[in-house]
Structure formats: C-alpha cells, structure tokens
Amino acid sequence: MAKTGLNQARSQSRLRVEMVLPTLELGGMETITCNLAVELARRDHVVGVTCLQSEDGPLAQKLRDAAIETTLVSCPGVRSNFLPDPLLKSHFARRSPDVVHTHNGVWNKAAVAARAAKVPAVVNTLHGFALGEPRYYDGLRWWASRYTDHIAAVSEPLRHHLIASTKVPPAKIRVLPNGIDTVRFAPGTAAGSLRRRLGISGTAPLVGCIARLDPVKNHSGLITAFARVSTLCPDAHLAIIGDGPLRRDLENQARVTGLGDIIHFIGEIADTSALYRDLDVFALSSLCEGTSVSILEALASGTPVVATNVGGNCALLDSGRCGLLVPSGDTHALAEAIASILLNAALGERLAADGRAWTTENFSLEAMVGKYERLYHDLVR
C-alpha cells in the first residue's frame, strides 16, 4: 500500500483514547486537552476524559456537549506515583483504552496505573513546568517516563530539558506544539463588547492579557510596565482577563501605583474568541512558557503580540518576525515594545498580518490533532 493510502487507512481506524488530567478548570493545558478530545471524537474515535482531582469546571460542559464521558477517579497521596492505584488501575481496565494520554500533574499516577492495567500505549504531553518547582520533580518525570511509550513536548526547550535534566532518551520524545482553532480565532470587525464592559471609547488604546493570575505569568511585571506605557500613551487601558490566587495582590498593586482607573480586572471568561479583536496589543509577561495558547489565539485573531522571550514564545513568534520579544523581567523593554505598536499603526498591521498567516500555517488545531492521531496509530499498530 502506498504511504498516502496507509496514512488514510490509519486515520480511519477507530481508537479508544482516555485523556487524563487533574481538573477541567479554565487554563491553557486544559483547553488544549479538551479541544483535542472533542476533535478526536469528531473523527469517530471513542474518547473519554479522566480527572484525578475534580471533574467540574468551565470546560466540562464542552465535553458533555460532545458526548464525551468524564470520570473522577481520586487517588491522592504520594504512593500512587510509584505503585498503581487500585481504583485508577481498575478504571483503566474497565474503560479498556488503546491509548492513555496523560498531561501535566497526573503523569506519574496515570502512567503507572495504565501500565499495570496493560493499556497498549501510554503517551504524555509535557505542557510546561511550575515556577520554582523542587528539583526532585525531574526524578518523578524520569520515573514516569519508564512507564510511558512516547512523550510529546510542546516546545523545543521542554524537549531539551527532558533530555538534559530528566535523562529521558531522545528517541522517546518529539516536539508537538499546541494548535488552536484558526476559524474560531480569526481577524474580523471588533464587536466592542470588551470596551463597552470597561466603559472606554472605541478610540482608546487597549492592551490585554488573557492568562491565569499565577506567579509564572508575572502580571506584576506587566502592571509595572504599564505605568511607563501610560506616560507614552496617556489614553491607554489594560484589561487583565483571568482569575487566580494573585488577583487581590495584583489589584492592590494597580491601586497603589495609581493605575486603578486604567487597569481593569475582568475575571474568567469562558469564550474569549471575540475579546482579542477588541485589543490593540496582546501582552504576555511570563517567566516561563511551553506553547502559550493565548499567544496563538491572539496571533490567529490578527492581534499584535508582545511577549517575553521565554520557553516556546520565540518559536511562536518566529524569532520576532510575527511579534515583539523582550527579555524576561525587563519591564522597561516590555513597556517600550507595547508603546511602539500603539504609536505605530503600520507596525501593528504588519505584525497582525504576519502573525495570522504564520499561525494558520503552523499551529492549527487540525494539524495538531492529526499529529497526535498518527502518533497513537504508530504506537498501537
């Protein structure tokens, strides 16, 4: 059979895939996992989602709408990182998947239990690292890799870390970047809903950040940078969209620095597709990243991006061709980059066009799902 025909035959073969993650809270990893599950189900695969901490959350309804079964299997404690948890093992045996696909936070527990349940293939996606995580986490990842057939790292820096620090054999790892729905996230006429919500005019420059309010995203640095932006662009506003443990501290920082009237904390919004088109600039000041879903969504929406040069951000922005990269922690450079787009319409238009084209070609949801589908088939054939 010709190679094309073989690939088509594989893509048409139904698989049973069980996704495993901690919760269904709204976050980049969770969104990517749910999108992958839904698209696999649309391709006629039998997909389930297992959560080890909570099956509630904003993404649960999306899975229910796609008729994807979600199950909570609680297996707390350290022991199940090394020895199969009986409940999780029984769950996998009952579900009888061809592939168990684990994600950050559950890799050890899910891989050990899946192997004990004689699941044919175990895959893990490494989405990123926690800020300031203990050194022994690399040891846990090494242990989990022994029970895993293949690892997908969402960026080259993550792959390098797995090889250099976790000592995972290079042949066991591939870079498989995240992908997003480039039809849903696309350029278009701004609806103005975000501006109306904030009570600002349609001509006021609006910068936005959509990310969980967590230390790794460094919203504090963005607020500091925006003090400088406001001196260069006095009418500019900043919309911080998302929620998390640092919200109160960040709101207090904005008040103390006298920016309370122009920095707006929106909270969590489940469907952000229309929001990007209201923004003049999307800014992300992360201290580390894998493949940022928010950056991809902004690029696909035709929104100019400024981001710190960490993790996979350089690759997402094509080394600065499709967005402006600044050093991590350099709030002055961050402010200057944001202001340069706000003050130069031609620059913003060029970045928007290049970013949209780049993302559509390289980071579509369809391409990502196809790569995972081929990986599954290669492992279970």
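Modeller: A pocket here is an open set of grid points with protein on both sides within 12 Å along at least five of seven lines. The model under discussion is predicted.

Colleague: What is the volume of the second largest pocket?
Modeller: The second largest pocket has 18 lining residues. Those nearest its centre are Leu279, Asp280, Gly302, Pro304 and Gly348. The space filled by probe spheres set on its points is the volume, and for this pocket that comes to about 250 Å³.

Colleague: Which helix gives the most to the lining of the second largest pocket?
Modeller: By class, the lining divides into nine nonpolar, six polar and three charged residues. Two helices, α13 and α14 (345–362), each supply at least two residues. The one that gives the most, with four residues, is α14.

Colleague: How many cavities of 30 Å³ or more does the structure hold, and what is the volume of the largest cavity?
Modeller: Unlike a pocket, a cavity is a set of points where a 1.4 Å probe fits but cannot get out. The structure holds one cavity of 30 Å³ or more. The volume of the largest cavity is about 40 Å³.

Colleague: Which helix has the largest share of the lining of the largest cavity?
Modeller: The lining consists of Pro177, Asn178, Gly179, Asn362, Phe363, Ser364, Ala367, Met368 and Lys371. By class, these are four nonpolar, four polar and one charged. The largest share, three residues, comes from helix α15 (residues 365–380).

Colleague: Is β8 largely enclosed or largely open?
Modeller: In a regular strand the side chains alternate between the two faces of the sheet. In β8, Leu206, Gly208 and Ile210 are buried on one side, and Val207 and Cys209 are buried on the other. Five of the five residues are buried, so β8 is largely enclosed by the rest of the structure.

Colleague: What is the bridge partner of isoleucine 210 in β9?
Modeller: β8 and β9 run parallel and are joined by five bridges. Isoleucine 210 belongs to one of the buried sides of β8. Its bridge partner in β9 is isoleucine 241.

Colleague: How far apart are the end C-alpha atoms of helix α9?
Modeller: Helix α9 covers residues 219–232, which is 14 residues. At 1.5 Å a residue, the helix should span 20 Å. The computed distance between its end C-alpha atoms agrees, at 20 Å.

Colleague: Which helices are included in what covers the buried residues of α9?
Modeller: The buried residues of α9 are His219, Gly221, Leu222, Ile223, Ala225, Phe226, Val229 and Ser230. The cover includes the strands β8 (206–210), β9 (237–241), β10 (263–267) and β11 (281–284). The helices included are α10 (247–256) and α13 (331–342).

Colleague: Which residues is alanine 191 in contact with, leaving aside its neighbours within four places in sequence?
Modeller: Alanine 191 sits in the loop between β7 (173–175) and α8 (193–198). At 43% relative accessibility, alanine 191 counts as partly exposed. With those neighbours left aside, its contacts are Arg196 and Asp278.

Key
Residues are numbered from 1 along each chain as its sequence is written. This is a predicted model: local features need pLDDT of at least 70, side-chain atom pairs count only at pLDDT 80 or more; totals for chains, interfaces and linings use all residues. Side-chain values use heavy atoms; hydrogens and water are left out. The expected span of a helix is 1.5 Å times one less than its number of residues. Buried means under 20% relative accessible area, exposed over 50%, partly exposed in between (1.4 Å probe, protein chains only). Contact means heavy atoms within 4.5 Å. On a 1 Å grid over the protein atoms alone, a cavity is a set of points where a 1.4 Å probe fits but cannot get out, and a pocket is an open set with protein on both sides within 12 Å along at least five of seven lines; lining residues have an atom within 4 Å of a point. Ala, Val, Leu, Ile, Met, Phe, Trp, Tyr, Cys and Pro count as nonpolar, Asp, Glu, Lys and Arg as charged, and the others, Gly among them, as polar. Two strands pair if DSSP finds at least two bridges between them.
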